[in-house]
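Biologist: Please put the model up. I will ask what lies behind each term used for it.

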Amino acid sequence: MWDFPYQPETYSWTKKMNEAGYTTIAIDLLGAGNSSFPDGLRETQTQVYVETVHQVVQQLRDGKVGGVKWNKIALVGFSIGGIIANSLSAQYPSDLNAILLHGISWDNTWVYPAFIAGLQAPAAQIDPERWGSIPLLYQTQSTREGREASNFYGSFDRAILEADFYYRDFDSLGTAISFAYHLVDAPEYRGPVFLGIGE
């Protein structure tokens, strides 16, 4: 997602940050990208992701990744990744120096309808040839229309919808059940916050 292959000169934040001299690291959520697929209900709850990212941040700060101690860490999160960044800043307010939250809302009257509009189903049933080996508790949108309803709004590059639908990843039933509990305030977090939602 963050090194999006569609027009990377325009849409890849990692490319832009690297060109500006910043080091970036991308973390796959459990069951996404190149990670393993643990139990999609019990082992992929949002709190598991928060604790995992906290451990990664601590290793970066301690110099255990590449032998370099990271003094400044900004976490960029989209959708569930943004919810994780938000919850991390509430539970571990000194972990991050800045957070950038994209595609999340604290308004539950919007969150669940958008999530449900995605018409998610087990990925293995949507495309057995491509995803047949993925456990049934991992889900994704079954149609472009569902993907658009849950992830896009207003004016946007229509061609990106096709690329986004093709490269879409999964979330799990455990994540779907637990993420709204992490839309919390973070009164002790003192760093800057960028919130990007739609237009």
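## Terms and values

Modeller: S79 lies in the loop between β1 and α4. Helices (H or I, at least four residues) and strands (E, at least two) are DSSP runs, numbered from the N terminus. The model is predicted, so local features need pLDDT of at least 70 and side-chain atom pairs count only at pLDDT 80 or more, while totals for chains, interfaces and linings use all residues. Residues are numbered from 1 along each chain as its sequence is written, and side-chain values use heavy atoms, with hydrogens and water left out.

Biologist: Why is S79 called partly exposed?

Modeller: Its relative accessible area is 25%. Buried means under 20%, exposed over 50%, and partly exposed in between (1.4 Å probe, protein chains only). At 25%, S79 therefore falls in the middle class. The phi of S79 is near 60°, which is positive in a residue other than glycine.

Biologist: Which other residue has a positive phi although it is not a glycine?

Modeller: Q7 has one, of about 40°. Q7 sits in the segment before α1 (8-11). With a relative accessible area of 31%, Q7 is partly exposed too.

Biologist: What makes A74 partly exposed?

Modeller: A value of 47% puts A74 in that class. A74 belongs to strand β1 (residues 74-78). Apart from neighbours within four places in sequence, A74 is in contact (heavy atoms within 4.5 Å) with A98 and L100. E51 is 23 residues from A74 in sequence, and the two are 17 Å apart in space, C-alpha to C-alpha.

Biologist: Why does S89 count as buried?

Modeller: S89 has 1% relative accessibility, so it counts as buried. S89 is part of helix α4. Its contacts beyond four places in sequence are I99, A186 and Y189.

Biologist: And what places S172 in the buried class?

Modeller: The value for S172 is 0%, and therefore S172 is buried. This residue is in strand β5 (residues 171-172). Not counting residues up to four places away in sequence, S172 touches G40, T44, Y49, L137, Y138 and Q139. K64 is 108 residues from S172 along the chain, and their C-alpha atoms are separated by 30 Å.

Biologist: Why are α8 and α9 called roughly perpendicular?

Modeller: Helix α8 (residues 144-151) and helix α9 (residues 158-167) pack at about 110°, with axes 10 Å apart. Axes are lines fitted to C-alpha atoms, for helices over the stretch in contact, and angles run from 0 to 180 degrees between N-to-C directions. Angles under 35 degrees count as roughly parallel, over 145 as roughly antiparallel, 65 to 115 as roughly perpendicular and the rest as oblique. The pair α8 and α9 is therefore roughly perpendicular.

Biologist: Which residues make that contact of α8 and α9?

Modeller: From α8 come R144, R147 and E148, and from α9 come R158, L161, E162, D164 and F165. By class, two are nonpolar, none polar and six charged. Ala, Val, Leu, Ile, Met, Phe, Trp, Tyr, Cys and Pro count as nonpolar, Asp, Glu, Lys and Arg as charged, and the others, Gly among them, as polar.

Biologist: At what angle do α3 and α4 cross?

Modeller: They cross at roughly 70°, and their axes come within 9 Å. That makes α3 roughly perpendicular to α4. On the α3 side the contact is made by T46, Q47, Y49, V50, E51, V53 and H54, and on the α4 side by I83, I84, S87, L88 and Q91. The classes here are six nonpolar, five polar and one charged.

Biologist: How many residues are in the largest nonpolar core?

Modeller: That core has 22 residues. A nonpolar core is a set of buried Ala, Val, Leu, Ile, Met, Phe, Trp, Tyr and Cys residues joined through side-chain atoms within 4.5 Å. V53, I73, L75, I84, L88, L96 and I99 have the most contacts inside it. At least two residues of this core come from each of α3 (46-61), α4 (80-91) and β2 (98-102). A second, separate core of six residues includes F4, Y6, I160 and L161.
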